[in-house]
Each structure stands twice: as structure tokens, then as C-alpha cells.
Amino acid sequence: MIVIADSGSTKTDWCLGNTKTNSRTVRTGGINPFHQSVDEIKEVIASTLTPQLGDTTEFTTIYFYGAGCIPEKTNIVKTALAQNFPKANILVESDLLGAAHALCGKTTGIACILGTGSNSCFYDGEKITANISPLGYILGDEGSGAVLGKRLVGDFLKHQLPDDLCRDFLKEYDLTPALILDKVYRQPLANRFLAGLTPFLFAHKHRPEMQNLLISCFTDFFTRNVMQYEYHDILVHFTGSIAFYFQEEVKEAALRLNVSIGKVLKSPLEGLKDYHFEV
């Protein structure tokens, strides 16, 4: 029996089983060693995961891919998992390598994440060989939910949108210009607030102003990230909610730049099942 985990700061999806068809998925709270200690992660696992499993000694291998799982932090997650899975061999890797395994399998490709934040890498079929730093939503994260939201509120506040869209936007989220500035500059987790505005973009994406915004943001992602790799004749794959729901606009931006798109997955977990159960 193996465990495959795809983890972020807000949620973790766990696939448990011995084949793809004989497996099940459960969800728990997020795990991120940048923000949580060994004891805190251990408590998340013990209180929300192990009660759903029964005997944890039957699990022999755990593949854990997570946000914040850089080499300096992987032992935090390993230690917490080992205390709950005493007989398992535990491998902890970054969410970016998880995306590469899910999207590319054992073939060369460029793997991209477009969610609240964004990231990308060149993957040679075994390992990540190049990574343009995403830099976060202030300096980078092009194409991410946070940057799409930032562009949306910027266009609104600078009167770049038609009056009817402005009225609908304020009504939808019960906002005022002053409240927007407060949420962005004074309150914590501004990136999540901004990313939370993307459903409005999706609902109105047929409007020319929204199309221009989306194509512009995804073009920035390609030119400032993907096209820094050796991308010619290489498929570029995507995972994440923004990539999934705005895949038409992502593909349009790619077409204009002669970038070849491969898979688009909402979540990497299905691809990770294929990768690990095949192995």
C-alpha cells in the first residue's frame, strides 16, 4: 500500500491504495513546513488523516509533494509523517516536482503551476534542471490568481473598465475603493484576497476588456518564464485551478507566441497516480 500526497497551505489531498483502480482519496488541512512545526504537522495528520485509515503499518511508501518543501524543510515533514507511519519509506519533494511528475511523467517537458501563485520548471524526464524564480505576486507570479486579481482591481481603480462592469464588481464582493486598498495594503494575505476575485473574471471573460486582461497576463507568464527555457519543440504543460478554468485564454496566448501546449490538469493528483502506480 502506498500514499501519494499533494499538499498546499490550505488543503492536502491523499491518495491511498495499491493500484490506481484500487485506491481512494481523502482530504485534510494544509501542510507547509515554512509555516508549521513538526508537532503542528503531526497533529494535522493524527487528527484528520489517520482516523480515516485504520492500521497505518500497512503503508510501505509515502510520496509527499508539498508547498514549502525545499531541501532545508523536508525533514520537518518527514519527521511528522514517520511518527504516524512507522513502517513507511518516506519521500518528501516540492510541489513543483510533483507537477512535473504528474504532467510530464518520464518525458522531457516544461511543467507549470497556475494557482494562487505561479511557478514553472524545465524537467528532463527525471529531475528539474532549470527553474525561473516565481518571485511572488509583487515582483512576479505572472499568470497567477493573485496577479489576475491585482490587474483586475488596478484596472477598476484606474477607470479602465466599463461602468457596468465596475458596478457589478463592487456589488459582487461588497467592496468599495477604500476597502480594496485596505485589504491589499493593510490586511494580511492580500494574495488570497486578490486571487479570490478571479471568479468574477471567469464569469465575465467573454467581455473584450476581460479577454485583453487575461491574454496580457498569460502572455507575461510565457515571456517572463516559459520562454526563458529552451522551449522550442518542447510541450508546455499546466496544472492548477487558474490554468484549468482559463485554459482557452492560456492556449490563445501560447498560440500567439508559438508555444506548444500539452496537458492541462486541474490538480496534479490524477497524474501522480499514473506516475507512481505505473512505477
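Reply: A salt bridge is counted where a side-chain nitrogen of Lys or Arg is within 4 Å of a carboxyl oxygen of Asp or Glu. The model is predicted, so local features need pLDDT of at least 70 and side-chain atom pairs count only at pLDDT 80 or more, whereas totals for chains, interfaces and linings use all residues. Residues are numbered from 1 along each chain as its sequence is written, and side-chain values use heavy atoms, with hydrogens and water left out.

Me: Is Asp155, which pairs with Arg151, buried or exposed?
Reply: The side chains of Arg151 and Asp155 form a salt bridge at 3.4 Å, N to O, and the two residues sit 4 apart in helix α5 (residues 145-157), about one helical turn; helices are DSSP runs of H or I with at least four residues, numbered from the N terminus. Buried means under 20% relative accessible area, exposed over 50%, and partly exposed in between (1.4 Å probe, protein chains only). Arg151 is partly exposed at 30%, whereas Asp155, at 14%, is buried.

Me: Which residue forms a salt bridge with Lys205?
Reply: Lys205 is buried, with a relative accessible area of 16%, and lies in the loop between α9 and α10. Its partner lies in helix α12 (residues 247-256), so the pair ties together parts that are 43 residues apart in sequence. With the closest N and O atoms 3.8 Å apart, that partner is Glu248.
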